[in-house]
Structures are given as C-alpha cells and as structure tokens.
Amino acid sequence: MPEPSVHSSGLIARNTLMLYIRMLLVMGVSLYTSRIVLDRLGVVDYGIFNVVGGVVVMLSFLNGAMGQSSQRFLSYELGRKDIDKLTRTFSTSVTIHLLIAVVILVLAETVGLWFLNREMTIPRSQMSGANWVYQCAVVSLIISIVQVPYTAAIIARERMKIYAYIGILEVCMKLGVAFSLSLFPGDKLKFYALLILLSVVVSNLVNILYCRRYFDECGCVRVQFDKELFRPMVRFASWSMYGALAWVGRSQGCNLILNLFFGPVVNAAYGISGQVNEAVNRFVRSFATAVNPQIVKTYSAGEYDSMQSLMTYGAKLSFFLLLILSFPVLLVTDKLLNIWLVDVPEYAVIFTRLIILNSLVESFSYSMSVGIQSTGKIKRYQILVGSTVLLNMPVSYILLRFGYAPTVVFITNICLSCVTVIERLSLMKRLIPEFSVWSFVRVVFIPSLIVGMVCIGLYILYNILGLTDRINIFVTMILSLVTAILIEFSLGLDSGERRLVCDWIRSKILRV
C-alpha cells in the first residue's frame, strides 16, 4: 500500500504539531480548572452542572449533524477548487444553521425544560440554580450553533494555527472563571454558569470575525436557499442527524439514566471520568482534525490510493497515540485522581478506566468515519452504526433495572464499540470498491492487537508485583510512557515505518 504523499504528510505534520501545542495547553488548563470548580462548587453542585448541561447537549444533535455536513461540503469544494460554489455552500450552511438554532430553541424551552423540572433527580433546594444553569447553557448552545459554519471553514482550509489560538483563548477564560468563584459570596453555581456563557460568547465572536476578515466566502454572507446545495446538504445532514442523536444519546443519555438510578453524586463521577477521557483523547482528535480534510480532498480528486493510505495510517497512529497516553493513566488512575481532585467522587476511578478503554476501541473508527462521509452516501452507515450505538441506552437501562452496578453502562458501551468497528470496515468496502480490507487489517489491527496484548500483560504484572504502590506516581508514569513508546516502535511499526520515524526525528534534530 502506498504511503501518503510528501506534500500531504508535511501539511498534516505541521497542522498536527500546532494542534498538539493547543491540546497540551487546553488539557492542562482544563484539568486544573475542573479541580478548582469541583472544590468550589462541591460534589452535588458539580454533578448538577454536569447533568443539566447534558440535557442541553442532547438537544444539540441537529447541530452536530449539520456541522459534519458543512465541513464535508466545504472540504469537497476546496478539493475541486470551485470558489463560486464554495461561497454558495457557505451561505447555504449559515442559513441552515439559523433554522437549526430556532428549532433547538423551541425544543429546549418546551421538552427540555419539562424534563429538567419533572423527571430529573435534583434536590428541591437546588432547582432554582439548576434552571439558571439550564438557560445559560441554552443560550451558549444557540451561539455555538450559529458559528459552526465558521469553524468548519477554518478546519476545511486547514488553518489549524488559528483554530488552536481560539481554543487556547476559550480555555484560559474558563480558568479565569474558575478562580473568580472564590471572589463571589452568593450562589456560586449561578455565577459559574453566567461566566461560562460570557466566555463562550467572546470565543465564538473572535471565530466569526476572523473568518469574515480573511476568508472570501465568509465575508459577504446572505440568507439564501440554493436548491442545488440545500437539498444535498440537508439530505446528508438528515442522515448524519440520526448518527449524531445516537452518539449524544449514548453519552448524555446514559448520564441521565445514571441520574435516575443513583442521583447527582454518580453524575459527578461520570463528569470527572469524561474530563480525564477528553484530556487524553485530545491527542487523537488533534491528529484526526489535521488528517480529515486531506481524506475528503483526496476522495473528491479521485485519488483513492492516497485516500486509503491516509485512512489506514490515520487509524493506526490514532490508536498508538492514544495508547501512549492512556497506558500510564490506566496504571495510576486512583493516585492521579487523588492528586488532581480535593474530593474524589465514588466510582470516578473505575469510570475513568472503562471510558478510556472504550476510547481506545473507537480510535480505529475516526479515519474510517471520515472516509465514509466523504463519499456522501451515508444512509446505510448512519442507520447501521447509529442503531448499534443507540442500543447502549435501552440495554443499560434494563441491566440497571435488574440491579447491576453503574459500571455496566461502560461495559455495554465497550462491547458495542467493537461491533461498530467491524460495521464501518464492511461499509468502507461496499462504498469504495478500491478499499482493501485485508490491507487495513494487516497494517492496523494485527500490530495494534500485538501491542495491546503486551500492554495488558505489563498492566497485570505491575499490579501483581505492586509496583504502582512502591514507586512514585510520576516515575511510574514516565517509565510506563517510555515503555509504551518502545513497544509500539519495536512491535507495532514495520521496518519502513520505523525508518520514517527515525528520519523524521533526525530531521528535527538537525533543524534545531
């Protein structure tokens, strides 16, 4: 199988480096911010903020679907170099997002408000704060929906430096919000929700102003219904909507189910596990964000060999990058949370380990999903994969009704994620006959399985010998990080890939 072209590899490497710098800053600040917020708000208020915000996120499935559509169509037209159609595509995307904002606002102020006040398990004394948080989250969501086409334009044009700067700005404002909680003597939950809303307004406004200043297609936007574009974009989004609903239902729906059975304290543990997973997962998403536009552009140009190379190496590197970070975290999760948090909620340790394991399985799917979406033929994909993902809610609810522990939600999720990887692989072959399943299995799955089994053996050995208790946590994390890198380099990469890595490291040293 051919390797990605020199031009695309260099562009991906530069974009990935910029996104990693952003990710490291965002990850560090986000984790520290979560510690401060949990300490200042308390476990119950933190759990309320997490689960109430989850209700609003569930209403955003329309926006998630349309965001995928916008980025796909913008990247496609950039690959074809059709500037006129690119401008029309952007204006049509803005029009559709304005309609989505209206629909979600109506749903939020009717169905969402009813569910918050009638069905959720929240102490009566905290209902006023919960409603305040909810309204701030709704306004934040509406603002975020309107600016989605602008973020899609930045990613499609691969301006990752600007994307990184805006992300850093937003997370720094949230850090300032967390520190300011100690200065406010009143209801800290309400104060926190209001300041988070203000940070969202500022970061999104910067995003919009930049695009209008530097991108021609964003400079003169008008509300229009271009039939040639409106129908395929809405058709693409309508099927993406089902998939987005399934993913939101899996994450936030399970959070609500845990609230119904166990209350806000378990929601706090769920929120903490999600924070750790998000921090670790940012490495993979940064890499995927850099690779995804190239996958769509190679498909639109008919370069199917290059497209398969990008998807194959994208899947392999996504798993290896995530494993390098997650292996140390899995070894010392309990100690890490005790250092990070003042008060560690019950179940936070086991939730964190299970959600990271699920992310490792899902890391194989990122590049395949983009490859499937680049074809525009996503009906079968969304029905099949979305239905499998959505099964997590009813299955988890039934198992919890039978008295199983809350961890069953994550175990069910891991099993279903394994099924979706197989489904995506089958769909790739159906949609792109040039795609080689055996090549993907040989290059991605077999090396990843070997590396994964060795890491599992080391994890068991570490615990049997009690090394994590005897050795300092930071020494343990560094040793396990280096060990994971050496295992991947020696067992996960073939001779050609090892040579490329060595050449890349040598070129960086010489440049310095």
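**Entry 1: a serine in a loop**

I started at Ser363, which sits in the loop between α13 and α14 (365–374). Helices here are DSSP runs of H or I with at least four residues, strands are runs of E with at least two, and both are numbered from the N terminus. A note on what I'm looking at: this is a predicted model, in which local features need pLDDT of at least 70 and side-chain atom pairs count only at pLDDT 80 or more, while totals for chains, interfaces and linings use all residues. Residues are numbered from 1 along each chain as its sequence is written, and side-chain values use heavy atoms, with hydrogens and water left out.

Is Ser363 buried or exposed? Ser363 has 0% relative accessibility, so I put it down as buried. (Buried is under 20% relative accessible area, exposed is over 50%, and partly exposed is in between, with a 1.4 Å probe and protein chains only.)

I then checked what Ser363 touches beyond its neighbours within four places in sequence, and found Ala315, Ser318, Phe319 and Leu322. Contact means heavy atoms within 4.5 Å. The Ser363 side chain also reaches the backbone oxygen of Leu360, at 2.6 Å. That is a polar contact, meaning a pair of N or O atoms within 3.5 Å; within protein, one must be able to donate a hydrogen and the other to accept it, and residues adjacent in sequence count only if both atoms are side-chain atoms.

Tyr347 is in the loop between α12 (333–340) and α13 (348–362). Its phi is near 75°, a positive value in a residue other than glycine. Tyr347 has 28% relative accessibility, so it counts as partly exposed.

**Entry 2: two helix pairs**

Next I looked at α11 (residues 304–331) and α18 (residues 437–465), which pack at an angle of about 5° with their axes 10 Å apart. Axes are lines fitted to C-alpha atoms, for helices over the stretch in contact, and angles run from 0 to 180 degrees between N-to-C directions. α11 and α18 are therefore roughly parallel to each other. (Under 35 degrees is roughly parallel, over 145 roughly antiparallel, 65 to 115 roughly perpendicular, and the rest oblique.)

Which residues make the contact? Among them are Ala315, Phe319, Phe320 and Leu323 of α11, and Val443, Val444, Pro447 and Val451 of α18. By class, I noted 18 nonpolar, four polar and one charged residues. Ala, Val, Leu, Ile, Met, Phe, Trp, Tyr, Cys and Pro count as nonpolar, Asp, Glu, Lys and Arg as charged, and the others, Gly among them, as polar.

The other pair is α15 (residues 379–390) and α16 (residues 392–401), whose axes come within 5 Å and cross at roughly 20°. That makes α15 roughly parallel to α16. Thr388, Val389 and Leu390 of α15 meet Asn392, Met393 and Pro394 of α16. This contact has four nonpolar, two polar and no charged residues.

Ile143 is partly exposed, with a relative accessible area of 25%, whereas Gln147 is buried at 7% relative accessibility.

Leaving out residues up to four places away in sequence, Ile143 touches Leu197, Val201 and Asn204. The C-alpha atoms of Gln147 and Asn207 are separated by 7.6 Å, and the two residues are 60 residues apart along the chain. A polar atom of the Gln147 side chain lies 3.3 Å from the backbone oxygen of Ser144.

**Entry 3: the whole chain**

Last, I zoomed out. The chain comes to 21 helices and zero strands. Of its 512 residues, 54% count as buried. Among contacts with a separation of 6 or more, 85% are between residues 24 or more positions apart.
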